[in-house]
Each structure stands twice: as C-alpha cells, then as structure tokens.
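Dear colleague,

I am passing on the structure below, and would be grateful if you could look through it alongside the notes that follow.

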Amino acid sequence: MAKTSTTTQGLRAAIERSGYYPALVAEAVEAAVGGEAVKSYLVHQETTFDANEVRRHVTVLVLTGNRFIVSHTDEQAADTTSPTPYATTSTESVKLGRISSVVLSRVVANPESYAPGTLPREVVLTIGWGAVSRIDLEPAACGDPNCEADHGYTGSSTADDLSLRVSEAGDGPETVRQALAFAQSLSEATADTAR
C-alpha cells in the first residue's frame, strides 16, 4: 500500500483499532491493494455466538481508483483438521466496472421528526458484482381459489455478493458514518465507470 497516503494510514489504524489479528488482516489487505492509493475504506468487526463458542469475523472493504477489494477474516476453534485454533483470511479484488449495484438501506428512528444530516440508527450496505446470486422461488398461482392446476414457479434473482449491517448501538456512530461515506464513495466510483 502507498505508505504516504493519509487514507492508507487511516485504514491501517482502523484495522489495528479493531484488535482482531491486526497483523494478519493488514498483511492480507496490503497484499491485495498493492501499490494503489486507497480512496475509501470500511473496517467492520462482528462477533457471533455459535452454541457455546464466541466467534469473531472482520470484513475490510477498500476502494482504489480501479478496484473494490473485500477481505474477510474468520477465526475457528480447534477441530479435527487442526489441534489449535486458527484463522482464515480471504481477499477478493473486483474491477469497478463489474459492480452492478450498490444498495444502501437506512433505518431511522422517529421518521416524522427526521432532520437532514441525522445519523441513521443502522445501515445495510449490499454490493453486487455477479459472483453470487440468490434465487427466491415460490409456487405460482392464479386468481381462482379453486384452481388446482400446476402454474409452475415464480420468483426473483438478486445479486447478493456482499451484505453488511452496521448499527449505532452495536458498532458505534463512527462506524455508521464510515459505512455511509464508503457507500457514497463506491456509488460515485461505479457511476464514473459507467460513463
């Protein structure tokens, strides 16, 4: 990563603040970014409960001038394949021109008294680039309640490559602000590549 960039330094600091294997996560992200300048980023740590275990997961999203980079790191307990706990880190690099959708859903409290600029209670950022699609099917029906004919199926296909939920209560207001800023930067970057 370009070591002189303020944004790159902010990314490194955010990874370290997450406290989640920062050397491992930073190395994976830096290798994926290479020498490109970082334009925007989002670091999101999530803790989940699986039976009697607590598991952590961190997602790092990075926007460069040409690419959108996603890094996931998960920790795993010792199992039959490893006698000690271990972590798995993966990165994916997507050309900006491949991103087909950037969806930002905002949840606000008391919408009747909403004032512009008020921080949403939570945001969900969904990004699609065609690697993963979800198909929701249901039996088709006609308007006749007595009809027993097979009308096949109806449904929808949704790009569902990445969906990330950030809340003020769980992640803090700064992470919500960062998610909003990242979504705006990514949306603007994909609009630029469409021209």
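Three aromatic pairs are counted in this predicted model, where rings of Phe, Tyr and Trp (its six-membered ring) pair if their centres lie within 6.5 Å, and planes under 30 degrees apart count as stacked, over 60 as edge-to-face and the rest as tilted. The rings of Phe68 and Trp129 have centres 5.5 Å apart and planes at 65°, so this pair is edge-to-face. It joins distant parts of the chain, since Phe68 belongs to strand 3 while Trp129 sits in the loop between strand 6 (122-128) and strand 7 (133-139), 61 residues apart; strands here are DSSP runs (E, at least two residues), numbered from the N terminus. Phe68 is buried, with a relative accessible area of 0%, and Trp129 is buried as well, at 5%, where buried means under 20%, exposed over 50% and partly exposed in between (1.4 Å probe, protein chains only). Together with Phe182, Phe68 and Trp129 form one aromatic cluster.

As for the sheet, four strands make an open one in the order 1-2-3-4 with antiparallel pairing, two strands being paired if DSSP finds at least two bridges between them. Strand 1 (38-50) and strand 4 (86-95) stand at the edges with a single partner strand each, so one side of each has no neighbour in the sheet. Strand 2 (residues 53-64) and strand 3 (residues 67-76) pair over seven bridges, and Val62 stands opposite Ile69 in strand 3.

Residues are numbered from 1 along each chain as its sequence is written, and side-chain values use heavy atoms, with hydrogens and water left out. As this is a predicted model, local features need pLDDT of at least 70 and side-chain atom pairs count only at pLDDT 80 or more, whereas totals for chains, interfaces and linings use all residues.
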